[in-house]
Amino acid sequence: MDIDLAVLRSFVVLADELHFAKAAERLHIEQPALSQRIKRLERRMGVQLLVRDTRNVRLSPAGAEFAADTARMLRLFDEAVGRARETAVGERGTVNIAYTLSVGYETLPVLLEHLEQSLPHLTLQAVEAWEKDVLESVRLRRSDIGLVRCDSVDEELVSLLLRREGLVVAMPETHHLARQDVVHLAELRGERFVTTPSSLAPGYQATVDGVFEKAGFRPQTVRNTVPGSRLMAVQRQTGSVALLAQSARLSRPPGIAFVPVGDDFAVLPVRLVHRADAPAAICLLADVIQREAHRRWLSSASPR
């Protein structure tokens with residue numbers, strides 16, 4: 001049965017007021033128009049919903065039942081519309097985020113906490129991967145958003161700067177520089193550095209290589225294909241050092257000291273990537289993330 005929602009809403013208001021003039025005023029329509037809507041509804045249903053006399057109006061037993069059911073149905077309908085609108089603007093639904101290891105130390109948890117507070121109806125699913133896999137996952141639409149340390153040159157992807165993070169040198173606690181408050185990269189000439197293979201994280205390693213180039217030397221390297229705290233194990237086994245984002249200190253591996261790098265050029269970016277043709281909801285969500293990141297890390301008052 002095809003019945004206009006406006007007619008149903010009119011009946012629910014009238015059932016609440018039991019007064020045509022007051023109900024018409026609430027609905028912002030003329031009283032004759034309201035009367036015609038109710039008569040049309042009763043004809044369409046073949047049921048008397050109201051009992052009228054010269055002085056007042058009351059619900060029939062069928063009308064009382066129908067009013068309660070219709071009010072509940074309209075509430076559910078309005079809630080469904082609200083959820084659909086929230087989904088359309090990125091406030092509801094599931095968002096898949098792929099991120100690289102070093103983004104997961106601090107940047108990702110901070111942004112997830114902000115999203116959970118500001119968009120509580122959004123479900124966030126985050127998966128860690130190597131840089132090349134993060135970019136491929138976004139490109140192939142397996143992930144909606146990627147968080148990486150490089151600026152993608154892929155024309156299918158949009159890249160937004162979230163943060164410029166200072167660097168630290170991770171070294172064994174027994175290293176002769178481990179107790180310094182700060183270290184300059186020139187002091188590390190001749191050290192062996194654990195590096196990430198370019199095949200797994202080409203953008204990240206190219207950025208790190210650029211930092212060494214500005215420092216004026218090409219380091220001796222120890223190749224590493226394992227992420228996370230196992231990298232620290234490689235350091236302890238080889239007596240090498242590593243150039244890492246400063247948030248790596250939050251991992252607190254035993255036997256490893258983190259000394260801040262004093263060179264101004266020693267920074268690593270964090271960038272958000274999404275497809276250029278991403279749905280509007282993802283673009284809006286990316287904007288929310290970028291604005292929060294700018295407030296925390298890129299504003300003039302924020303630390304590097």
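The lining of the largest cavity consists of 9 nonpolar residues, with no polar and no charged ones, where Ala, Val, Leu, Ile, Met, Phe, Trp, Tyr, Cys and Pro count as nonpolar, Asp, Glu, Lys and Arg as charged, and the others, Gly among them, as polar. This is a predicted model, in which local features need pLDDT of at least 70 and side-chain atom pairs count only at pLDDT 80 or more, while totals for chains, interfaces and linings use all residues. Residues are numbered from 1 along each chain as its sequence is written, and side-chain values use heavy atoms, with hydrogens and water left out.

A cavity is a set of points, on a 1 Å grid over the protein atoms alone, where a 1.4 Å probe fits but cannot get out, and a pocket is an open set with protein on both sides within 12 Å along at least five of seven lines; lining residues have an atom within 4 Å of a point. Volumes are the space filled by probe spheres set on the points, which are joined across faces, edges and corners. The largest cavity holds about 40 Å³ of space, and among the residues that line it are Ile 97, Leu 108, Leu 147 and Ile 289. With 4 residues, α5 gives the most to this lining; helices (H or I, at least four residues) and strands (E, at least two) are DSSP runs, numbered from the N terminus.

The largest nonpolar core has 34 residues, and Val 169, Met 171, Leu 185, Leu 243 and Leu 244 have the most contacts inside it. Such a core is a set of buried Ala, Val, Leu, Ile, Met, Phe, Trp, Tyr and Cys residues joined through side-chain atoms within 4.5 Å, buried meaning under 20% relative accessible area (1.4 Å probe, protein chains only). Elements giving two or more residues to this core include β6 (157-172) and β10 (256-260). These two strands run antiparallel and are joined by 5 bridges (strands pair if DSSP finds at least two bridges between them), and Val 168 has Pro 260 of β10 as its bridge partner. Because 4 of the 5 residues of β10 are buried, this strand is largely enclosed by the rest of the structure.

The second largest pocket holds about 240 Å³ of space. Its lining has 13 residues, and Gln 205, Asp 209, Arg 218, Pro 219 and Thr 221 are the closest to its centre. This lining divides into 4 nonpolar, 5 polar and 4 charged residues, and α7 gives the most to it, with 4 residues.

Note on methods: Buried < 20%, exposed > 50% of the residue type's maximum accessible area, 1.4 Å probe, protein only.
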